[in-house]
Amino acid sequence: EFRRVLFRSDSILDLSETWIFTASGYAVAGPYSNTGGAVGYFRDSAGHNHVTNDNDASSYFGADPQIAVKKVVVDGAAIGDGLNVLLGDSLFWEYTVTNAGNVALANVHVVDSQAGVVPVYVSGDGNLNDQLDLGETWVFRASGVAVRGNYSNIGTASGNFTDMDNSSRLALASDGSSYFGADPQIAIDKVTVHDAASGDGLNILIGQSLIWRYSVSNVGNVSLSGLAVSDSDPAVTPIFVGGDANGDGKLDVGEIWIYESPGTAITGPYVNVGTAAGYYDDDAGHRGLDAARDGSSYFGVDTQIAINKVTEIGRAHV
């Protein structure tokens with residue numbers, strides 16, 4: 001685009017005149033330069049031409065403020081996304097912030113999508129200039145306690161750059177992280193079984209055969225390993241009968257494992273207590289153990305009868 005300032009419009013660059021030409025464009029990232037050239041000529045009275053020209057370069061640096069963040073969950077030795085962690089475990093989120101542009105960034109902050117999670121700067125500002133320089137990696141952390149089930153939150157890093165014209169641009173980046181809060185829980189229901197009758201508090205003839213049945217279920221949200229069922233009576237040994245549908249040796253959520261132990265009714269009131277226990281190991285190697293107890297009773301009926309017969313000698317009647 002040609003724009004000129006003239007004292008008179010004769011299309012001749014007169015002494016003391018200044019002609020102005022402009023060209024428009026958009027700044028590109030990084031260093032950029034181009035050279036402008038001007039040319040003109042003078043013709044004397046004899047018709048001789050003298051050409052004159054000049055060149056001048058101009059440059060700029062195209063600032064491209066960009067930021068990047070990587071967020072992970074840290075639970076002991078376990079680091080990453082989608083970890084399985086025990087309910088109630090202390091953990092922290094780590095936010096690694098880098099400069100993905102070509103200029104230093106000021107006012108660098110990290111926030112989290114979850115209320116109460118407050119990332120705090122830990123390290124990375126090597127030259128202590130409070131700017132995220134190229135090549136630097138800043139680390140922020142926020143602490144928390146594992147909750148039950150699926151949990152996720154998102155970290156957002158921000159920083160800004162201001163150019164020589166005081167124009168400012170904000171750089172933003174976000175990254176999410178998640179974990180699963182494991183809650184190992186077990187339940188047991190113990191009953192006494194005598195022929196077609198089952199339950200607690202049965203009346204059973206002494207000497208009759210009976211069975212104690214232990215129904216063990218998973219009432220948590222993770223599979224349980226190392227399942228063990230025992231009884232308070234050392235003479236009673238629960239034996240696994242069935243329930244491991246997929247044969248993986250773990251009490252999965254939704255499964256019910258059955259244990260049984262035979263016995264013989266004894267006289268009077270009888271009660272014993274069954275205990276079921278299992279454990280879960282999370283990705284950090286932390287073990288969560290859970291146990292549950294339930295008792296069962298019966299009354300051993302002894303149907304004995306006694307008779308006492310005596311001979312009575314009385315006085316003869318007159």
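Select the backbone nitrogen of Leu86 first: a polar atom of the Asp282 side chain lies 3.1 Å from it, a polar contact in the sense of N or O atoms within 3.5 Å, one able to donate a hydrogen and the other to accept it, with residues adjacent in sequence counted only if both atoms are side-chain atoms. The model is predicted, with local features needing pLDDT of at least 70 and side-chain atom pairs pLDDT 80 or more, while totals for chains, interfaces and linings use all residues. Residues are numbered from 1 along each chain as its sequence is written, and side-chain values use heavy atoms, leaving out hydrogens and water.

Asp282 sits in the loop between β22 (268–281) and β23 (287–301), strands being DSSP runs of E with at least two residues, numbered from the N terminus. Leaving aside residues up to four places away in sequence, Asp282 touches Asp75, Asn84, Val85, Leu86 and Asp89, where contact means heavy atoms within 4.5 Å.

Next, select Asp290 in strand β23. Asp290 counts as buried because its relative accessibility is 16%, the cut-off for buried being under 20% relative accessible area with a 1.4 Å probe and protein chains only. Beyond four places in sequence, Asp290 touches Pro184, Gln185, Ile186, Ala276, Ala277 and Gly278.

Finally, zoom out to include Gly40, which is 250 residues from Asp290 in sequence and 94 Å from it in space, C-alpha to C-alpha.

Methods: Helix = DSSP H or I, 4+ residues; strand = E, 2+ residues; numbered from the N terminus. Buried < 20%, exposed > 50% of the residue type's maximum accessible area, 1.4 Å probe, protein only.
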